[in-house]
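Dear colleague,

I am handing over the structure below, and after it you will find my notes on what turned up. Please read them alongside the coordinates.

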Amino acid sequence: MASTDADEDQLLKSFLAEVSEAERDNEVLRILGCFKLNPFEHLKLSFDSSADEVKKQYRKLSLLVHPDKCKHPKAQEAFAALAKAQQLLLDPQERGYILDQVTAAKEELRAKRKKELKKDSASKIKSQVDEGKYEEQYERSEEFQKQLIIKVREILTDKEWRRRKMQMRISEEEGRLKKDEEETKEMWKKKREHEEKWEETRDQRVSSWRDFMKTGKKARKGEIKPPKLKTEDPNKSYVQRPVKRA
């Protein structure tokens, strides 16, 4: 096993030594032109590739576009895209999500294929005679694989768009809640300031009231006036209490 790995390393070094600058530049452009939501495309791998195949392909392509070896101005960007693609495909949850979309894409293509076969009697009969081998062979064909890649792009795009819209709505709701919270805080702040100011003038109000009760004079300008007492009440619902004067 160790000998095999060493042979592969030597073969890879020889290959990279023969690669021209133009080929490196073309690979940079290919990577940056890939569909961003499908890491399999970045690494030029089929959807059934194993984790070991992902690692080997990443090593090969990353050396090809490494900024220290490739002079293309966007080599660093392509190198980073490959690193992200490998990270996603080695993460069980991320890989599982992508493969779920691949499965959904296959189901849609199979349903479409089934409708087409109903119109083509010869193909339908052949499919039934071969007991599914005809369809398995078709799904391995280059035509089906191209359709699968396109369909996966459509599904991933739709899922990402829905995710972003949901995130936008969540952000809007969070913003609304934050605004309501700030308005509530401001309301309580003003109420507290009003209460504090009212309490600060308490002694002044009490003093003014006492002065009025003693002298019966109107409060000076700026002082808080006590309520006026009614001297007559036709309904006799209000009784003026006598005021003791000092």
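**Pocket and salt bridges**

The largest pocket holds about 440 Å³ of space, where a pocket is an open set of points on a 1 Å grid over the protein atoms alone, fitting a 1.4 Å probe, with protein on both sides within 12 Å along at least five of seven lines, and lining residues have an atom within 4 Å of a point. The elements giving two or more residues to its lining are α2 (21-32), α3 (39-42), α5 (75-90), α6 (92-119) and α9, helices being DSSP runs (H or I) of at least four residues, numbered from the N terminus. Of these, α5 contributes the most, with six residues. The lining comprises 19 residues, of which Lys36, Leu37, Pro39, Lys84 and Leu88 lie nearest the pocket centre.

This is a predicted model, in which local features need pLDDT of at least 70 and side-chain atom pairs pLDDT 80 or more, whereas totals for chains, interfaces and linings use all residues. Residues are numbered from 1 along each chain as its sequence is written, and side-chain values use heavy atoms, without hydrogens and water.

The whole structure has 14 salt bridges (a side-chain nitrogen of Lys or Arg within 4 Å of a carboxyl oxygen of Asp or Glu). In one of them, Lys44 pairs with Glu27, their closest N and O atoms lying 4.0 Å apart; because Lys44 sits in the loop between α3 and α4 (51-65) and Glu27 in helix α2, the pair ties together parts 17 residues apart in sequence.

Key
Points joined across faces, edges and corners; volume = space filled by probe spheres on them.
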